Amino acid sequence: MGYSAGMSTRKYVTVCINHRANPDLPSCGARGGGEIAQALKAAVAAQGLPVEVVTFNCLGECERGPNVKLSPGGEFCHGVRPDDLTPVLEKISAFAGHADSRE
Ligand code: FES
């Protein structure tokens, strides 16, 4: 039942969309995390990249957000700009193309 031989590991792009309750504290949601998640989902689908974009509430680096983490074993991207996703998309594209080299 749905068993897969595990030849390929699923890859994730995790976007923090957390809005902290205290507006005086920085949070990714307040800095465009939601927009980033939507735009990355659209871009990944348009490019057919084999990664899944998922959202998360706080990756523990709130001061440095918006944050996007590539996993497993990928880069933790900080200060991602919703109005300029090219740099992070390049990283995602490179990450998606990598064979699992950590085993
Ligand atoms: S709010 Fe995004 S890392 Fe904490």
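**Close-up views of a predicted model**

**View 1. E61 counts as partly exposed, with 16 C-beta neighbours inside 10 Å.** E61 lies in the loop between β2 and β3. Leaving out residues up to four places away in sequence, E61 touches N67 and H78. P26 is 35 residues from E61 in sequence. In space, the C-alpha atoms of E61 and P26 are 9.6 Å apart.

**View 2. The protein comprises 2 helices and 4 strands.** Read from the N terminus, the elements follow the order β-α-β-β-β-α. The chain has 103 residues, and 23% of them are buried. Take the contacts with a separation of 6 or more: 62% of these join residues 24 or more positions apart.

**View 3. The 4 strands form an open sheet in the order β2-β1-β3-β4.** Pairing in this sheet is mixed. Which strands stand at the edges? They are β2 and β4 (76-77). Each has a single partner strand, so one side of each is left without a neighbour in the sheet.

**View 4. Strands β1 and β2 run parallel.** Strand β1 covers residues 12-16, and β2 covers residues 52-56. They are joined by 5 bridges. Between the two strands the chain passes through helix α1 (residues 33-47). This β-α-β crossover is right-handed.

**View 5. Strand β3 (residues 68-71) runs antiparallel to β1.** The link between β1 and β3 consists of 4 bridges. Here V13 stands opposite L70 in β3. Strand β3 also runs antiparallel to β4, joined by 2 bridges. V68 has C77 in β4 as its bridge partner.

**View 6. Helix α1 packs on the sheet.** It touches β1, β2 and β3. The direction of α1 makes about 160 degrees with that of β1. Helix α2 packs on the sheet as well, touching β1, β3 and β4. The direction of α2 makes about 10 degrees with that of β3.

**View 7. The largest nonpolar core holds 15 residues.** Which of them touch the most other members? They are V13, V15, I36, A37, L40 and V68. Elements giving two or more residues to this core are β1, α1, β3 and α2 (86-97). Setting aside neighbours within four places in sequence, L40 is in contact with V13, V15, V53 and L85.

**View 8. V13 is found in strand β1.** Is V13 buried or exposed? V13 is buried, because 27 other C-beta atoms lie within 10 Å, and 20 or more is the cut-off for a buried residue. Beyond its neighbours within four places in sequence, V13 is in contact with L40, V51, V53, V68, L70 and I92. V13 and V51 are 38 residues apart in sequence. Their C-alpha atoms are 6.8 Å apart in space.

Definitions and conventions. Residues are numbered from 1 along each chain as its sequence is written. This is a predicted model: local features need pLDDT of at least 70, side-chain atom pairs count only at pLDDT 80 or more; totals for chains, interfaces and linings use all residues. Two strands pair if DSSP finds at least two bridges between them. A crossover is right-handed if, with the strands pointing away from the viewer, the path from the first strand over the helix to the second runs clockwise. A nonpolar core is a set of buried Ala, Val, Leu, Ile, Met, Phe, Trp, Tyr and Cys residues joined through C-beta atoms within 7 Å. A residue is buried if 20 or more other C-beta atoms lie within 10 Å of its own, exposed if 12 or fewer, and partly exposed in between; C-beta atoms are placed from the backbone. Two residues are in contact if their C-beta atoms, placed from the backbone, lie within 7 Å. Axes are lines fitted to C-alpha atoms, for helices over the stretch in contact, and angles run from 0 to 180 degrees between N-to-C directions.
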